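Below are some notes for a colleague who is looking at this structure for the first time.

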Amino acid sequence: METGFDVGEVTTHRNEIITYILNGISNKLPIKEKDMSTALNAKGRMLTMAFQQAKLVLQETYGILVADVPDTKSGKCFICYNEDAAKCHLLYDEEQLRQLTLLFIVLSYLFMRGSDAPDKNNTTEEDLVNFLDGLRIKFDSCHEYFGPNVKKLLTETFVKQLYLKRDKVISEMEAETKFFYSWGYRAHVEFDKKLVFESTAKILKKHPSVFVAKYNEIYGDDENRMQE
């Protein structure tokens, strides 16, 4: 198909995009298209063509998928992730594994209590802090396994990485500000809810069917429902 662009130029920009993404993927922050365009001096149809080619190479060669983040206020951006990112421990160093463990605990809590919350899979920061406190994970104190930055991980790091949504709600009736947590876009992309549910039930030493609402939500009319 005739594109009107020099093939070599498109290939060059494609390779530059691949390098740009690989260099910036480790922090898991969303990548803004305008920042990439400025850094690589590519825009318009040229950027679009090179980006499409880059996404194919990233997936086929590195197993990295690129997904557009919906409803962003700061312009078009995307995240990159490995399909097995939440399953394969080999993809992380020790510190990242510790963070992933904390993240799994929080996501499991948000998911399991979702049926009881007014807004599905949504809970107040106060409830989350109380839950973690029950596990001897202090919000504002150093933890021997998770380190000194539990609060920062939950209020900043995981939020910026889009694993968590932390919404600020100002109540005029109660004259106070509350924060609500729910699954972020990256969490929905990387984590299989069925695996989260089954793993949580196993940790609690309960059969998944004990959690009726969640069991029906996950399996529904699935012919492969877990055997009673």
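1. Against which helices do the buried residues of α9 pack? They pack against α4 and α8. Note that the model is a predicted one.

2. The buried residues in α9 include K214, Y215, I218 and Y219. Their arc around the axis spans only 110°, which places them on the same side of α9. An α-helix has 3.6 residues a turn, so residues three or four places apart point the same way. After α9 comes G220, with a positive phi near 50°.

3. The largest nonpolar core has 30 residues, and L154 and L164 have the most contacts inside it. At least two residues of this core come from each of α4 (94–112), α5 (125–134), α6 (150–160), β6 (176–183), α8 (193–203) and α9 (212–219). The largest share, nine residues, is supplied by α4.

4. Leaving aside residues up to four places away in sequence, L164 touches L103, V106, L107, L110, L154, F158, V159, Y181, S182 and G184. Another core, of 17 residues, lies apart from the largest one; I18, I21, M46 and A54 are among its residues.

5. How do α4 and α6 pack, and at what angle? The angle is about 75°, and the axes are 11 Å apart. As angles of 65 to 115 degrees count as roughly perpendicular, α4 and α6 are therefore roughly perpendicular to each other.

6. In this contact, Q99, L102, L103 and V106 of α4 meet V150, L153, L154 and F158 of α6. By class, the contact of α4 with α6 has seven nonpolar residues, one polar residue and no charged residues.

Conventions. Residues numbered from 1 in each chain as written. Predicted model: local features only at pLDDT ≥ 70, side-chain atom pairs only at ≥ 80, totals over all residues. Heavy atoms only, no water. Core = buried A, V, L, I, M, F, W, Y, C linked by side-chain atoms within 4.5 Å. Buried < 20%, exposed > 50% of the residue type's maximum accessible area, 1.4 Å probe, protein only. Helix = DSSP H or I, 4+ residues; strand = E, 2+ residues; numbered from the N terminus. Contact = heavy atoms within 4.5 Å. Arc of directions from axis to C-beta. Axes fitted to C-alpha atoms, helices over the stretch in contact; angles between N-to-C directions. Parallel < 35°, antiparallel > 145°, perpendicular 65-115°, else oblique. Nonpolar A, V, L, I, M, F, W, Y, C, P; charged D, E, K, R; others polar.
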